[in-house]
Amino acid sequence: MLINDHFKARPTDIIVATSPKCGTTWLRALVFSIINRHFFDFNDHPLRKLNPQELVLLFEGHIHKDGSTSFLDELPSPRLLSTHIPYSLFPKRMTDDTSGCRFVYICRDPKDVLVSKWHFSNKLRPKEVPPLSLEEAFDLFCNGVSHYGPFWDHVLGYWKASVESPKKVLFLTYEDVKKEPLGCVRKVAEFLGVPFSPEEENKKTVEEIVKLCSFESLSNLDVNRSVAKRSERPVSNSDFFRKGEVGDWVNHLSPEMVEKMNQITEQKLQGIGFNFH
Ligand code: A3P
């Protein structure tokens with residue numbers, strides 16, 4: 001509602017979209033580095049001093065209850081913003097093929113999302129509240145009780161949009177970016193209309209971006225090792241970095257949980273031309 005009523009989209013807006021725990025931090029860092037690559041030296045890069053969430057703002061957090069969007073309005077173009085909002089909730093003026101603004105979406109195997117979410121939720125819980133059990137977290141997730149709505153609906157919305165409007169929505173998976181980071185970075189740059197030149201390829205700019213944004217690199221920076229929490233946010237920068245692996249679910253989920261989750265995924269994504277494998 002607030003977005004619909006108050007957010008003044010610009011045709012140059014680039015929006016990094018994710019369901020929480022699917023790789024928001026990583027994608028923010030990658031897209032920021034891709035579009036700003038001409039302005040910064042990789043050895044003295046803003047990502048070395050600031051957490052990706054400070055460089056790419058979750059824009060729904062900056063639309064205030066009174067409808068004020070002044071902070072967002074003052075950002076220079078092109079704006080790079082982040083969101084967890086489902087595609088269907090964006091106003092037509094942003095999702096229309098003619099609107100110009102573009103979405104880069106990343107999703108992840110729901111079994112890994114659940115495990116990541118469970119660890120993260122327990123970090124957020126006040127000390128007085130007992131930890132959430134994995135079983136409870138599993139039931140909530142499978143029943144669609146997630147921030148920003150059921151996980152599978154979130155994926156479906158962006159997947160369909162990427163098929164219908166491939167110039168507007170780029171659909172990536174965490175697993176693909178892990179497997180082929182260089183190819184994915186090139187794909188994002190092309191999608192955003194800033195492909196790498198032969199000179200940049202020679203200088204290994206794509207490799208530099210992948211290296212700077214890797215889990216090993218970002219998670220070891222002082223700024224991201226910080227456990228300090230700010231009053232308005234009960235999380236610290238370090239909470240956004242745990243293992244950064246594909247398939248950690250094998251260390252947590254029972255065979256019954258795996259079967260149930262796979263069944264839901266099969267059923268929800270049936271016939272759409274995409275699945276997590
Ligand atoms: P795990 O909990 O599985 O380790 P989000 O950024 O959407 O909140 O997602 C957090 C997940 O992404 C965590 O997964 C975190 O470790 C992982 N992550 C953070 N930075 C990453 C990076 N640069 N590369 C790969 N994974 C990363």
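**View 1. Surroundings of R37 in the predicted model.** Not counting residues up to four places away in sequence, R37 touches V194, P195, F196, E200, T205 and I209, where contact means heavy atoms within 4.5 Å. This is a predicted model, in which local features need pLDDT of at least 70 and side-chain atom pairs count only at pLDDT 80 or more, while totals for chains, interfaces and linings use all residues. Residues are numbered from 1 along each chain as its sequence is written, and side-chain values use heavy atoms, with hydrogens and water left out. R37 lies in the loop between α2 and α3 (52-55), the helices (H or I, at least four residues) and strands (E, at least two) being DSSP runs numbered from the N terminus. With a relative accessible area of 8%, R37 is buried, a word that stands for under 20% relative accessible area, found with a 1.4 Å probe and protein chains only. The side chain of R37 also reaches the backbone oxygen of P195, at 3.1 Å.

**View 2. Helices α2 and α10.** Two packed helices are described by the angle between their axes and the distance between the axes. For α2 (residues 24-35) and α10 (residues 181-191), the axes come within 10 Å and cross at roughly 60 degrees, which makes α2 oblique to α10. Here axes are lines fitted to C-alpha atoms, for helices over the stretch in contact, with angles running from 0 to 180 degrees between N-to-C directions; angles under 35 degrees count as roughly parallel, over 145 as roughly antiparallel, 65 to 115 as roughly perpendicular and the rest as oblique. L30, V31 and I34 in α2 meet V185, V188 and A189 in α10. By class, this contact of α2 with α10 has 6 nonpolar, no polar and no charged residues; Ala, Val, Leu, Ile, Met, Phe, Trp, Tyr, Cys and Pro count as nonpolar, Asp, Glu, Lys and Arg as charged, and the others, Gly among them, as polar.

**View 3. Helices α6 and α15.** The axes of α6 (residues 110-124) and α15 (residues 255-269) come within 10 Å and cross at roughly 120 degrees, so α6 is oblique to α15. P110, K111 and L114 in α6 meet V258, M261, N262 and T265 in α15, and by class this contact has 4 nonpolar, 2 polar and 1 charged residues.

**View 4. Surroundings of C101.** C101 is found in the loop between α5 (92-95) and β4 (102-107), and at 1% relative accessibility C101 counts as buried. Leaving aside neighbours within four places in sequence, C101 is in contact with R10, P11, D13, M94 and K168.

How values were computed
Buried < 20%, exposed > 50% of the residue type's maximum accessible area, 1.4 Å probe, protein only. Polar contact = N/O pair within 3.5 Å; in protein donor to acceptor, adjacent residues only side chain to side chain.
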